[in-house]
Amino acid sequence: MPSALAIFAHPDDIEFVAAGTLLQLQARGWDIHYINLCTGNGGSVQMDGPTTTKKRLEEAQEAARILGASFYPPICDDLELTYSVPYLRKVAAVVRMAKPSIVLTHAPSDYMEDHMQACRLAVTAAFSHCIPNFQTDPHLPSYSHDVTVYHAMPHGLCDPLRQKLMAGQYVDTTSVHARKRESLAAHESQKHWLDVSQGMDSYLISMDEASRAVGRLSGKFEYAEGWRRHLHLGFSAKEIDPLKDALGDLCLINEEYEKAKAVPV
C-alpha cells in the first residue's frame, strides 16, 4: 500500500492546509501518516505550558483518529524547533517508519519560523530516506523507492514579505471538507487562543474561508488545498507527480505556474 506522510509544525496545522489531500489519498487506497514536530505548548493564554502540552497532544491524537492517520509524537516545544542534526535524525526516523512516496509539509517561506524549520527538516529527512549511512534516532534502515515532497500554501497565501504566491496544483477537497472540519474541531483549545492571538474569529470558519479561497484560485473547485512540488533532484530518478497520478481529475495542474518555472539543466 502506498503511503503519504504529513510533517508540519503545530497541532492543527495539518488540519488547516493538508487534511483534505490526505483524505483524498486515503480514499484511493493510500496509508496516511501524521506528525506535528512541536508540542503546541505555546498555544494558550489560559493554561500553563505543561497543561497546554497535554491538552494539545490529546487533541492531535483525536484529530489523527478522525482522519484515520498513523500518529507520531512531537519532538520539541514551540519556538524551539531548529534545523539541527539531533532533530533531523528524529524526523528522518519517522520518514523511514512511514516509508512515504509523498511527503506533505509547509511552504519554505511562511509567516513564522517553526513552519519554515519544520519544512527544512521535512525536506532533508525525505532526502535522506535512501542514504543508509545516515543514522536516524532511533536507528532504522533506509528505503529506496522514490519520494516526492509537496509544499502547502502559506498562511495568507503570501510570503513573509507579503508577496502573493500561486499554487502549482490544486486538490479538490470538497467531498471530504466536512471530515477535514471535524478533525480541526478536535483542536478545541485553539478557538480562544487563535481569537486572542491572531484575530481568526473562530478557527473553523477561518479554515472554511481559506479552503474556499484556494478553491476560487483553482477556478474549478468549491474547496481546495494548494501545493507546490519540490524539485525532484535527489529524491527521484526522474520528475514525477504521484499526487496527480493518484488523484486524477481531483488534482488540477496550474499551467500558469508550470510555464513560469525554471527548467533544470
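This is a predicted model: local features need pLDDT of at least 70, side-chain atom pairs count only at pLDDT 80 or more; totals for chains, interfaces and linings use all residues.
Let me begin with one side chain: that of Glu-225 reaches the backbone nitrogen of Ala-18 at 3.5 Å, a polar contact being a pair of N or O atoms within 3.5 Å, where within protein one must be able to donate a hydrogen and the other to accept it, and where residues adjacent in sequence count only if both atoms are side-chain atoms. Residues are numbered from 1 along each chain as its sequence is written, and side-chain values use heavy atoms, with hydrogens and water left out.

A polar atom of the Glu-225 side chain also lies 2.9 Å from the backbone nitrogen of Gly-20. Glu-225 belongs to strand S7, residues 224–229, strands being DSSP runs of E of at least two residues and helices runs of H or I of at least four, numbered from the N terminus. Is this residue buried or exposed? Glu-225 is buried, with a relative accessible area of 2%, where buried means under 20%, exposed over 50% and partly exposed in between, with a 1.4 Å probe and protein chains only. Leaving aside neighbours within four places in sequence, its contacts (heavy atoms within 4.5 Å) include Thr-21, Tyr-170 and Lys-180.

Turning to strand S1, 6 of its 6 residues are buried, so S1 is largely enclosed by the rest of the structure. Ser-3, Leu-5 and Ile-7 point one way, and Ala-4, Ala-6 and Phe-8 the other. S1 runs parallel to S2, joined by 6 bridges, and pairs in the parallel sense with S4 over 4 bridges; strands pair if DSSP finds at least two bridges between them. Leu-5 has His-33 as its bridge partner in S2 and Val-103 in S4.

Phe-8 brings us to the largest nonpolar core, of 30 residues, where Phe-8 is among those that touch the most other members; such a core is a set of buried Ala, Val, Leu, Ile, Met, Phe, Trp, Tyr and Cys residues joined through side-chain atoms within 4.5 Å. Among the elements giving two or more residues to this core are S1, S2 and helix H3 (49–67), and H3 gives the most, with 5 residues. Apart from this core lies another, of 29 residues, including Cys-119 and Val-149.

Finally, helix H4: its buried residues, among them Tyr-87 and Leu-88, are covered by elements including S1, S2 and helix H5 (113–127).
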